[in-house]
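Thanks for coming. I will take a few minutes to walk through one model, for those who have not seen it before.

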Amino acid sequence: MMQIVRVCGGLGNQMFQYAFSKALEAKSSSPVKLDLSIYQSGKTMQGNIDLVHNGFELSKVFNIKAQSATEEEIKSLAVIPNGFIQRLRRKYFTPKTHFIDKDFIYQPELLEPSNRYYDGYWQTEKYFIDIKDTLYKDFTFKQELSARSKALLENLGNAPLSMHIRRGDYTAKDYYNVCTLEYYKKALKEAYNHITPSEIIIFSNDITWCKENISSLIETNVNIIYVDWNTNADSWQDMALMTHCKVNIIANSTFSWWGAWLNKTENKIVIAPKIWSKPLKDSYYHYDFKDVVPDSWIGC
């Protein structure tokens, strides 16, 4: 039996796709290979979507040895959209062995063993909650934090609160639901119903915007720390730092989703957007994001 999971996108998406592959392995008791070809293709953009971000990071950030599928193995199950005709064939004449996720919801029947190429994002813990201990182990950061990140951790109080503000590429795409200042205001109010933060740590790909806008939302006298030093190949350190916070206020981003999910702080509080993204409904895709945020997290 051959099972292959396509991997694309940045670190957060890669983690979801890897987690889904491990859930398949657990169900079938046989290895699942990853299609990593997008990271060797040289094609980084699809429209205005960055398909690779910082490249394939799973084996750089974690002690993960990916079993990569060969081109021949991929072709035996899937249509590789490397030309106009092939893209049309992939979309309208997909072989039964090439499953394209058109719905974005939890589909438990997909975990049943089958010769199949899985083409999707699998953004829900429902696929892999039963193997969470395996994933906690696999998603252990293997590199040391930088001196500056270590210093931040060493000086945290007993109730640090993290906020992730995803802007940048999100603001350039109409179909993304960019989290508003009103969301962060409500999220902070919800957080203060549970704790008084010892400090508020801001993570973002637009720190300048955050410095101009976020401080006005914070009414109490609390130390605000803007983490602006983890960029490019060091971006994973932001995720690692999130896992040490008492409260995670996340954006509609797989990156901060995983920062919150990997957080093992006792009685942690995770606050997430009620609306993860605008529903995508066209003649082909019917994305519904209702399963992304775990039931134990607080929606705002």
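I will cover the strands, then the nonpolar cores, then the cysteines.

First, some ground rules. This is a predicted model, in which local features need pLDDT of at least 70 and side-chain atom pairs count only at pLDDT 80 or more, while totals for chains, interfaces and linings use all residues. Residues are numbered from 1 along each chain as its sequence is written, and side-chain values use heavy atoms, with hydrogens and water left out.

Helices (H or I, at least four residues) and strands (E, at least two) are DSSP runs, numbered from the N terminus. Two strands pair if DSSP finds at least two bridges between them.

Start with strand 6, residues 116–119. R116 and Y118 point one way from this strand, Y117 and D119 point the other way, and all are buried. Buried means under 20% relative accessible area, exposed over 50%, and partly exposed in between, with a 1.4 Å probe and protein chains only. Strand 1 (residues 3–6) runs parallel to strand 6 and is joined to it by 3 bridges, with Q3 opposite R116. Strand 5 (residues 98–100) also pairs with strand 6 in the parallel sense, over 3 bridges, and there H98 stands opposite Y117.

Elsewhere, 6 strands form an open sheet with parallel pairing, in the order 9-8-7-10-11-14. Its edge strands, strand 9 (223–227) and strand 14 (298–299), each pair on one side only. Strand 14 pairs with strand 11 (residues 269–272) over 2 bridges, and A272 has G299 as its bridge partner.

Now the cores. A nonpolar core is a set of buried Ala, Val, Leu, Ile, Met, Phe, Trp, Tyr and Cys residues joined through side-chain atoms within 4.5 Å. The largest has 64 residues, of which F128, F139, W257 and W258 touch the most other members. Helix 1 (11–28) gives the most to this core, with 8 residues. Beyond its neighbours within four places in sequence, W258 has contacts (heavy atoms within 4.5 Å) that include G12, M15, F16 and A19. A second, separate core of 26 residues includes Y184, I218, V247 and I269.

Last, how many disulfides are there? The count is 0, where a disulfide is a pair of cysteine sulfur atoms within 2.5 Å. C210 is in no disulfide either, its nearest cysteine sulfur being that of C179, 12 Å away. C210 is buried at a relative accessible area of 0%.
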